[in-house]
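Dear colleague,

Please find below the structure that I am handing over to you.

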Amino acid sequence: MKTVKQISIILLLIAFFAAFDLAIYNVFTKHFIKDTSPEMQAKSVELSKYLPFDENSEIVKLDSSLKLESDLPVIDGAAALFPVFSAFVNSVYPSDSVFFDGENFTPESALHYTNTRGAYQAVVDGGADIVFCAKPSAEQLEYAAENGVELELVPIGREAFVFIVNSSNPVDNLTVEQVRGIYSGEYKNWSQFGGENRAIDALQRNAGSGSQTAMLSFMGGREMKRDLFGALTGSAIGFSFRYYVEGIVENSGVKMLSLNGVYPSKENVSNGSYPIVSDFYAVYRKDNKNPNVPVLIEWILSEDGQRIVEESGYSSVK
């Protein structure tokens, strides 16, 4: 009898700690687990999938009549746009102009990737001639001004700014004002939109990232707040650009929300019905003396360049 009682107590303790561990996982741990590859975790994009001059690369491959051989503009940019500017290099640059060591581009490479914050710093400091990014943040513009640099921003494509939730979330559509209300703390529970009785965790991105800058612009000066209870126990909402979610991350565990009843499909971006569409830019210093900077920009805006933008999954500015 005593042995049976002891075994019962042990089994109860095991069940208790198993339930406790599961609760800790659901409430806290799973919010921070990264289920993407190590390369995606480290760089926000798997560079190895989108390299130029690689027969297995997933970039758009277009044989252009323009071929640059010297005075190659060094280019850099944002994670979401890496497949686009890598395709530009593949079409126009010589194959011996890019050096990738398996993890990073080496200093002598004409193609670099340092993401939005690093790219804006590089173009101001002279480490890059052209960077491909969303609109710069106030801090990035301030850094340029402090260094006596005036930036030229040339729109080369358009993309939807989207909001994402877990694919199991029953909410599929929000209005623009409801999203602003979520991020300003006016709404705190998914049940307010016909979802589950569960707190909302309104995630943000790192300061200076292209998506965080776009979000600040979207909020129009309203302060963003993150509720502590929602952060610990809630179901998240986040934001990004459409193609980054749909084409690069390819995460089946999330879904993009419709806004004002319009889904952020490429067609709805192109026809203007989706309510939040942003330009992205080729950015360079106005005092840049490299003669091929305007040549490359002109080509990007040509039929060939805009075809790469379109076939890469974005919308042409034309």
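This is a predicted model: local features need pLDDT of at least 70, side-chain atom pairs count only at pLDDT 80 or more; totals for chains, interfaces and linings use all residues.

Asp279 and Arg158 form a salt bridge in which the closest N and O atoms are 2.9 Å apart. Because Asp279 belongs to strand β9 (residues 277–285) and Arg158 to strand β3 (residues 151–166), this pair ties together parts that are 121 residues apart in sequence. Asp279 is partly exposed at 25% relative accessibility, and Arg158 is also partly exposed, at 33%.

A salt bridge also joins Arg226 to Asp201, with 2.7 Å between the closest N and O atoms. Here Arg226 sits in the loop between α7 (210–219) and α8 (228–233), while Asp201 is in strand β5 (residues 200–202); the two are 25 residues apart. Arg226 counts as partly exposed at 43% relative accessibility, whereas Asp201 is buried, at 1%. The latter value is under 20%, so Asp201 falls in the buried class.

Glu310 and Lys266 meet through their side chains in a salt bridge of 3.1 Å, N to O. Glu310 lies in helix α12 (residues 303–311) and Lys266 in helix α10 (residues 266–270), so parts 44 residues apart in sequence are tied together. Glu310 is partly exposed at 28% relative accessibility, as is Lys266 at 29%.

With kind regards

Technical notes
Residues are numbered from 1 along each chain as its sequence is written. Side-chain values use heavy atoms; hydrogens and water are left out. A salt bridge is a side-chain nitrogen of Lys or Arg within 4 Å of a carboxyl oxygen of Asp or Glu. Helices (H or I, at least four residues) and strands (E, at least two) are DSSP runs, numbered from the N terminus. Buried means under 20% relative accessible area, exposed over 50%, partly exposed in between (1.4 Å probe, protein chains only).
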